[in-house]
Amino acid sequence: MERSLLVSLLCVWALSSLSAASVDTTEQCPERILGNERRQTCPKKCQQDKDCGNKRQCLCDGQCGLSCVAPGRTCPWPLPPGKNFDVALLSPSPSFSALLEVRCKPGFAMHNGLDSTIRRCQGDRQWSGDEPVCTASPRGGLAAEPVLVPEVSCSLPDDELLSVQGSAIVGSTIHYQCAAGSVLIGNSENICHENQTWQYPHPICRRVVCPPPKEVERGHLVAVQRTAYEVGDTIYYLCKKNFLLDGPNQVTCLPNGTWSAEPACRARCPVPAQRSRVIVGGVKRWPYDLTDGVVAHGENVTFFCKHPEKLCSFTATEVCVDGQLKQPSCYLDPTWLQFKLFPHRLVSEIDPCDPADLQ
Ligand SMILES: *[C@@H]1O[C@H](CO)[C@@H](O)[C@H](O)[C@H]1NC(C)=O
Ligand SMILES: *[C@@H]1O[C@H](CO)[C@@H](O)[C@H](O)[C@H]1NC(C)=O
Ligand SMILES: *[C@@H]1O[C@H](CO)[C@@H](O)[C@H](O)[C@H]1NC(C)=O
């Protein structure tokens, strides 16, 4: 009963903080009373969003009242397992205004006699209230001796890309993690000393970006021009007419700040033969029958060469590399007369040599 009342009260809070951005909700949010809240400091006081600069909003931060908070920042989660109690997150994520339920194990209770409490994620990235303590409850449900645990903790980082796991109370260790698309610079683990200082400075998360991709010769990039691109951004490549794309038609900005590929547009090759057939794509054909008399980049072209002494032929293959297709040194293009008068004696039409002849 008490618990559901508490939950609904805290829900009003959470809801009012959500709508605080649009309307004046001073009525629903408590006035800040100094000393009322058990935390080191309250965030900057405000009446409306414009009091807070562009990164923060004016939201209801519990007993601190309307305060400038960054709503994307999270409180430590998951928390280390507690002694004699369980914790459960009641909100989808541990961000500002999220609710957390602390429930004592059966037979245990808190100093106020209740067996559960709700904590709220505050603007300073700490869970509200004291660190819970559940002690064995005396039979008969009488309230146990009050146990006051002052909140002694280190301050949490103010970086919305950085999330923390673990607890910031004195003597405990936290782990840091950066949001997708950013890398952690510094120590990923830290310990809060007795004197409420961290062993190391908080790390920072640096956003990963890719530089603008290289301009592609004989083609176009299909992308919004920017000085830097975010991880996951995709750019498409198109080649001008008659050029073949060598590589994928799209590249993506990778988590290490490089592009997934560097496509190029390759030129087609004129075939350096006119009056004898060649083999292209497994088919023996006349060069003038090839579309535009050219082959694509990467295509193999097999030429027929004449044996220096015998009347037979052997083959030599060359590959088209970006507009360049060499004529094999053994190949001799037949003359116009040979082509017209003795078509059956052209080097591509005579019998192939016996392998023994080629030794
Ligand atoms: C806090 O305690 C740690 C460990 O005992 C020590 O290294 C550090 O110098 C202390 N810092 C301050 C500000 O006293
Ligand atoms: C970036 O990551 C990709 C894929 O994981 C890898 O192939 C590439 O070598 C990396 N580049 C650098 C500069 O680390
Ligand atoms: C060209 O020949 C090479 C070597 O025989 C082969 O690896 C390649 O796949 C061929 N390329 C094409 C387009 O047929």
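Which backbone oxygen does the side chain of S172 reach? That of S167, at 3.0 Å. The model is predicted: local features need pLDDT of at least 70, side-chain atom pairs count only at pLDDT 80 or more, and totals for chains, interfaces and linings use all residues. Residues are numbered from 1 along each chain as its sequence is written, and side-chain values use heavy atoms, leaving out hydrogens and water.

**S172**
- S172 sits in the loop between β8 (162–166) and β9 (173–178); strands are DSSP runs (E, at least two residues), numbered from the N terminus.
- S172 is buried, at 16% relative accessible area; buried means under 20%, exposed over 50%, partly exposed in between (1.4 Å probe, protein chains only).
- Leaving aside residues up to four places away in sequence, S172 touches S167, N190, I191 and C192 (contact: heavy atoms within 4.5 Å).

**Ligand 2**
- L254, N256 and T258 are the residues around ligand 2 (a heavy atom within 4 Å).
- N256 places a polar side-chain atom 2.3 Å from an oxygen atom of ligand 2.
- Alone, ligand 2 exposes 360 Å², and the protein buries 25% of that (Shrake-Rupley method, 1.4 Å probe).

**Backbone geometry**
- Most residues other than glycine have a negative phi, and most peptide bonds are trans.
- The W77 to P78 peptide bond is cis, with omega near -5°; P78 lies in the loop between β2 (66–69) and β3 (85–89).
- S97 has a positive phi, near 80°. S97 is in the loop between β3 and β4 (99–104) and is buried, at 10%.
- R218 has a positive phi near 60°. R218 is in the loop between β13 (209–210) and β14 (219–222) and is partly exposed, at 25%.

Technical notes:
Chains are lettered from A and ligands numbered from 1 in the order in which they are written. Helices (H or I, at least four residues) and strands (E, at least two) are DSSP runs, numbered from the N terminus. A polar contact is a pair of N or O atoms within 3.5 Å; within protein, one must be able to donate a hydrogen and the other to accept it, and residues adjacent in sequence count only if both atoms are side-chain atoms.
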